[in-house]
Amino acid sequence: MWSNSDLKSRGMSAFQRNYWMAVAVALIVSIVIGGFSQGGGNSVSINISGLAESEGVVWEVLKNPLGFLLTSVSVILAVIIAFAGILFSIFVGKVFTVGGNRFFMENREDRPGLVKVLYGFRCGHYMNIVEIMFLKSLYTFLWTLLLVVPGIIKSYEYRMVPYILSENPAIDSKRAFELSKRMMDGQKINAFLLDLSFIGWIILGAFTCNILPIFWTTPYIEATRAELYAVMRVHGFYQGFTNEMELPGFFVQENPYQGY
């Protein structure tokens with residue numbers, strides 16, 4: 001059976017072997033998936049909320065046609081920016097996530113270059129990646145609407161979907177979710193504890209103006225999560241619910257983790 005210390009040790013080794021490239025890939029993916037959606041849209045919404053909370057603003061707007069027009073334009077602009085952020089996340093951000101996973105998986109055995117982060121755009125199955133990653137986000141969101149806990153559970157159930165896409169971008173959407181579910185069956189709490197084991201690094205990073213996350217924590221976590229997928233992948237081969245024909249993207253070691 002795998003352990004947190006085993007995965008983290010292997011992740012650390014792979015990360016340090018190709019340090020600067022791993023840092024660059026993790027930084028690019030973080031900026032792409034977080035920068036646009038958390039940038040312009042939020043600043044507009046904050047200004048609007050501040051305006052709405054100002055004393056007497058509704059009355060002033062009603063009395064002043066110009067004020068009403070400016071407020072309407074601001075609201076429309078905020079909606080456009082928010083919608084653009086959603087589209088960017090769907091058609092660009094999620095694809096970069098798959099490319100980043102591809103890099104960290106290859107980095108376990110090799111020293112891939114920065115261009116690997118563009119794998120999702122260059123593999124010939126761009127729209128399939130977009131569709132499946134969109135469904136992953138949608139399913140997680142819908143489960144979260146029920147209650148927070150089911151949403152968290154489902155997020156772990158779907159954890160392996162982008163890794164599966166990173167080695168088989170042509171896979172059918174139903175099969176991608178089925179594989180991820182099989183891989184994470186009985187392992188969701190262990191994966192949660194693995195994430196929780198980085199809490200110290202995350203807290204420490206908050207006191208370093210995000211310097212530590214850029215140069216250490218984020219690529220270290222991504223390298224470790226790649227090791228987790230490697231475990232689940234080997235488990236799938238040994239259990240017989242998948243094979244190298246379906247998941248042909250990465251080198252297969254001879255049972256690198258005891259128990260699998």
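## Helix 8 against helix 11

Let's start with a helix pair: the axes of helix 8 (residues 148-157) and helix 11 (residues 188-196) come within 9 Å of each other and cross at roughly 95°. Here axes are lines fitted to C-alpha atoms, for helices over the stretch in contact, with angles running from 0 to 180 degrees between N-to-C directions. Helices are DSSP runs of H or I with at least four residues, numbered from the N terminus. Helix 8 and helix 11 are therefore roughly perpendicular, a label for angles of 65 to 115 degrees; under 35 counts as roughly parallel, over 145 as roughly antiparallel and the rest as oblique.

On the helix 8 side, I153, Y156 and E157 meet K188, A191, F192 and D195 of helix 11, contact meaning heavy atoms within 4.5 Å. By class, this contact has 4 nonpolar, no polar and 3 charged residues (Ala, Val, Leu, Ile, Met, Phe, Trp, Tyr, Cys and Pro count as nonpolar, Asp, Glu, Lys and Arg as charged, and the others, Gly among them, as polar).

## About the model

This is a predicted model, in which local features need pLDDT of at least 70 and side-chain atom pairs count only at pLDDT 80 or more, while totals for chains, interfaces and linings use all residues. Residues are numbered from 1 along each chain as its sequence is written, and side-chain values use heavy atoms, with hydrogens and water left out.

## Helix 1 against helix 13

Helix 1 (residues 4-17) and helix 13 (residues 211-239) have axes that come within 8 Å and cross at roughly 120°. That makes helix 1 oblique to helix 13. Helix 1 contributes L7, K8, R10, G11, M12, F15 and Q16 to the contact, and among the helix 13 partners are F215, W216, Y220 and L228. Sorted by class, the contact has 10 nonpolar, 3 polar and 3 charged residues.

## The nonpolar core

The largest nonpolar core has 56 residues, and M160 and Y229 have the most contacts inside it. Such a core is a set of buried Ala, Val, Leu, Ile, Met, Phe, Trp, Tyr and Cys residues joined through side-chain atoms within 4.5 Å. Helix 13 provides the largest share of this core, 12 residues.

Beyond residues up to four places away in sequence, Y229 touches M105, M160, Y163, I164, E167, M183, L247 and F250.

## R102, a buried arginine

R102 sits in helix 5 and counts as buried because its relative accessibility is 11% (buried means under 20% relative accessible area, exposed over 50%, partly exposed in between, with a 1.4 Å probe and protein chains only). Setting aside neighbours within four places in sequence, R102 is in contact with K116, Y119, S166, E167, G249 and F250.

Conventions:
Helices (H or I, at least four residues) and strands (E, at least two) are DSSP runs, numbered from the N terminus.
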